[in-house]
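Welcome! Take a moment to look at the sequence and the model before reading on.

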Amino acid sequence: MRELIVNTFLTLDGVMQAPGGPEEDPSGGFEHGGWSFGYWDEQMQKAMGESMSEPFDLVLGRKTYEIFAAFWPYSDDPAAEPLNKATKHVASTTLKELEWENSKLIEGEVPEGVRALKEEDGPELQVHGSGNLIQTLLEHGLIDEFRLWTFPLVLGTGKRLFGDGTTPSGLRLVDSRVSSTGVVMGTWEPTGEIPIGSFGPE
């Protein structure tokens, strides 16, 4: 049994769309692509390296897969080697052939396919980007951990990590760090039901 980890950059108002560049995902008329660029520091670079230092497989939605496949095989960035080596499990009903090395289509329905991957032996499964896929994983309770980097800005529009219809759940903070630019790097585990109470008089 292996865990499925969601790695996501998001704004204070929960937007995760197109952190890496203006052309990354302009769908829905989104005009703020590249919003994470000005906040990177050495501490964030170190944390990113640590997260990729252990073996991992990737679970990706179609759009994120296409973005990654067009960039990482041709990059000399240190992150390229572990990403290229990792097995990529891709959720798509439209892609028929995957040219990026070590890429496989998830067979059948996505929830059942991901559940089967989790039951296999192997390294942890990491989800990068893949906003639509994450909504499906949330709906079916398949996420074991969130590694969320929250950037100190608000955008007001864009695709959000926790969209409408997200199943309510408590989270437990496992680890946290703060960059020199104010990016909060937190690791969270779902804990299930939210303890409800009241501060009002009985």
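## Terms and ground rules

Buried means under 20% relative accessible area, exposed means over 50%, and partly exposed is in between (1.4 Å probe, protein chains only). Helices (H or I, at least four residues) and strands (E, at least two) are DSSP runs, numbered from the N terminus.

This is a predicted model, in which local features need pLDDT of at least 70 and side-chain atom pairs count only at pLDDT 80 or more, while totals for chains, interfaces and linings use all residues. Residues are numbered from 1 along each chain as its sequence is written, and side-chain values use heavy atoms, with hydrogens and water left out.

## Helix α1

Let's begin with α1, where the buried residues are Met44, Ala47 and Met48. They sit on the same side of α1 because they cover an arc of only 100° around the axis (the arc is that of the directions from the helix axis to the C-beta atoms). Glu42 and Lys46, on the other side of α1, are exposed.

The buried residues of α1 pack against β1, β6, β7 (170-178) and β8 (184-192), with contact meaning heavy atoms within 4.5 Å. At the start of α1, a side-chain oxygen of aspartate 41 comes to within 3.2 Å of the backbone nitrogen of glutamine 43.

Helix α5 spans residues 131-139, and its buried residues are Leu133, Ile134, Leu137 and Leu138. They cover an arc of only 140° around the axis, which puts them on the same side of α5. On the other side, Asn132 and Glu139 are exposed. The cover over the buried residues of α5 includes β1 (4-11), β2, β3 (88-91), α4 (110-119), β5 (124-128) and β6.

Serine 130 lies in the loop between β5 and α5. Serine 130 has a phi near 60°, a positive value in a residue other than glycine. For background, most residues other than glycine have a negative phi. Serine 130 counts as buried because its relative accessible area is 5%. Just after α5, glycine 141 also takes a positive phi, of about 60°.

## Two nonpolar cores

A nonpolar core is a set of buried Ala, Val, Leu, Ile, Met, Phe, Trp, Tyr and Cys residues joined through side-chain atoms within 4.5 Å. The largest one here has 30 residues, and those with the most contacts inside it are Trp35, Tyr65, Trp72, Leu83, Trp100, Trp149 and Phe151. The elements giving two or more residues to this core are α1 (42-51), β2 (56-61), α2 (62-69), α3 (80-85) and β6 (145-151). A second, separate core of 20 residues includes Met16, Val114, Leu117 and Leu125.

## Aromatic rings

The structure holds nine aromatic pairs. Rings of Phe, Tyr and Trp (its six-membered ring) pair if their centres lie within 6.5 Å; planes under 30 degrees apart count as stacked, over 60 as edge-to-face and the rest as tilted. Phenylalanine 9 and tryptophan 149 have ring centres 5.4 Å apart and planes at 20°, so this pair is stacked. The pair links distant parts of the chain, with phenylalanine 9 in strand β1 and tryptophan 149 in strand β6, 140 residues apart. Phenylalanine 9 and tryptophan 149 are both buried. Ring pairs also link Phe9, Trp35, Tyr39, Trp40, Trp149 and Phe151 into a cluster.

How values were computed:
A polar contact is a pair of N or O atoms within 3.5 Å; within protein, one must be able to donate a hydrogen and the other to accept it, and residues adjacent in sequence count only if both atoms are side-chain atoms.
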